[in-house]
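Work through these exercises with the model in view. Try each task before you read its solution.

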Amino acid sequence: MNQVYKKENYVIIPVEENYIVINIEKAFKNGHTHIGDFSKAKLLIDLAIKKKLPKNYKLVDSLERISNNKEYIDKLIAFKEESNINFAELMQGEHVYKRIKGAIKQIK
């Protein structure tokens, strides 16, 4: 294994153009995640060690996979559920929204 970074029970190994973050205390099948950027891989490790929530909810799935702390995983799941936007409910409200260049903007 050609690890390029190790911190506590986490290692990062390069694979082609991406990286794999592995929790060596978990089975590989359930304890690794693929990430495209080395700095994001290091960020995942730091967040998992400190048990902090990410600013971007898209990192939650990766953190769930590499963490072995049940309370932290529950906190991540709750954060992800709060962060998801239900566009169907949004469109039913009293405000009017329109998709402009891929983004949804309120027009009234």
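The exercises below go from the overall fold to single residues.

This is a predicted model, in which local features need pLDDT of at least 70, side-chain atom pairs count only at pLDDT 80 or more, and totals for chains, interfaces and linings use all residues. Residues are numbered from 1 along each chain as its sequence is written, and side-chain values use heavy atoms, with hydrogens and water left out.

**Exercise 1. The overall fold**

Task: List the elements of the protein from the N terminus on, and state what share of its residues is buried.

Solution: 
- Step 1. Find the elements. Helices (H or I, at least four residues) and strands (E, at least two) are DSSP runs, numbered from the N terminus.
- Step 2. Count them. The protein has four helices and six strands.
- Step 3. Read the order. It is β-β-β-β-α-α-α-α-β-β.
- Step 4. Apply the burial classes. Buried means under 20% relative accessible area, exposed over 50%, and partly exposed in between (1.4 Å probe, protein chains only). Of the 108 residues, 29% are buried.
- Step 5. Look at the contacts (heavy atoms within 4.5 Å). Among contacts with a separation of 6 or more, 31% join residues 24 or more positions apart.

**Exercise 2. The sheet**

Task: Work out the order of the strands in the open sheet, and name its edge strands.

Solution: 
- Step 1. Two strands pair if DSSP finds at least two bridges between them.
- Step 2. Follow the pairs. Four strands form the open sheet, in the order β1-β2-β3-β4, with antiparallel pairing.
- Step 3. Pick out the edges. β1 (5-7) and β4 each pair on one side only.
- Step 4. Check the twist. It averages 20 degrees from one strand to the next.
- Step 5. Inspect β2 and β3. Strand β2 (residues 10-15) and strand β3 (residues 18-23) run antiparallel and are joined by six bridges. V15 has N18 in β3 as its bridge partner.
- Step 6. Look at the hairpin of β2 and β3. Two residues lie between the strands, and E16 takes a positive phi near 50 degrees.
- Step 7. Move on to β3 and β4. Four bridges pair them, again in the antiparallel sense. Here V21 stands opposite T33 in β4.
- Step 8. Helix α1 (residues 38-50) lies across β1, β2, β3 and β4, and runs at about 165 degrees to β2. For such angles, axes are lines fitted to C-alpha atoms, for helices over the stretch in contact, and angles run from 0 to 180 degrees between N-to-C directions.

**Exercise 3. A histidine in β4**

Task: Is H32 buried or exposed? Which residues does H32 touch?

Solution: 
- Step 1. H32 lies in strand β4 (residues 32-35).
- Step 2. Apply the cut-off. The relative accessible area of H32 is 11%, so H32 is buried.
- Step 3. List the neighbors. Leaving out residues up to four places away in sequence, H32 touches I20, V21, I22, R65 and I66.
- Step 4. Look for polar contacts. These are pairs of N or O atoms within 3.5 Å; within protein, one must be able to donate a hydrogen and the other to accept it, and residues adjacent in sequence count only if both atoms are side-chain atoms. The H32 side chain reaches the backbone oxygen of F28 at 2.5 Å. The side chains of H32 and H34 are joined by a polar contact of 3.5 Å.

**Exercise 4. Salt bridges**

Task: How many salt bridges does a search of the whole structure find? Say what each one links.

Solution: 
- Step 1. Recall the idea. Side chains of opposite charge can pair when their charged atoms come close.
- Step 2. Set the rule. A salt bridge is a side-chain nitrogen of Lys or Arg within 4 Å of a carboxyl oxygen of Asp or Glu. The search finds three.
- Step 3. Take K7 and D46. Their closest N and O atoms are 2.8 Å apart. The pair links distant parts of the chain, with K7 in strand β1 and D46 in helix α1, 39 residues apart. K7 is partly exposed at 30%, and D46 is partly exposed at 23%.
- Step 4. Take K80 and D61. This salt bridge spans 2.6 Å, N to O. K80 lies in helix α3 (residues 70-83) and D61 in helix α2 (residues 60-66), so the pair ties together parts 19 residues apart in sequence.
- Step 5. Take K70 and D74. Their side chains meet at 3.1 Å, N to O. They are separated by about one helical turn, because they are four residues apart in helix α3. K70 counts as exposed at 55% relative accessibility, whereas D74 counts as partly exposed at 37%.
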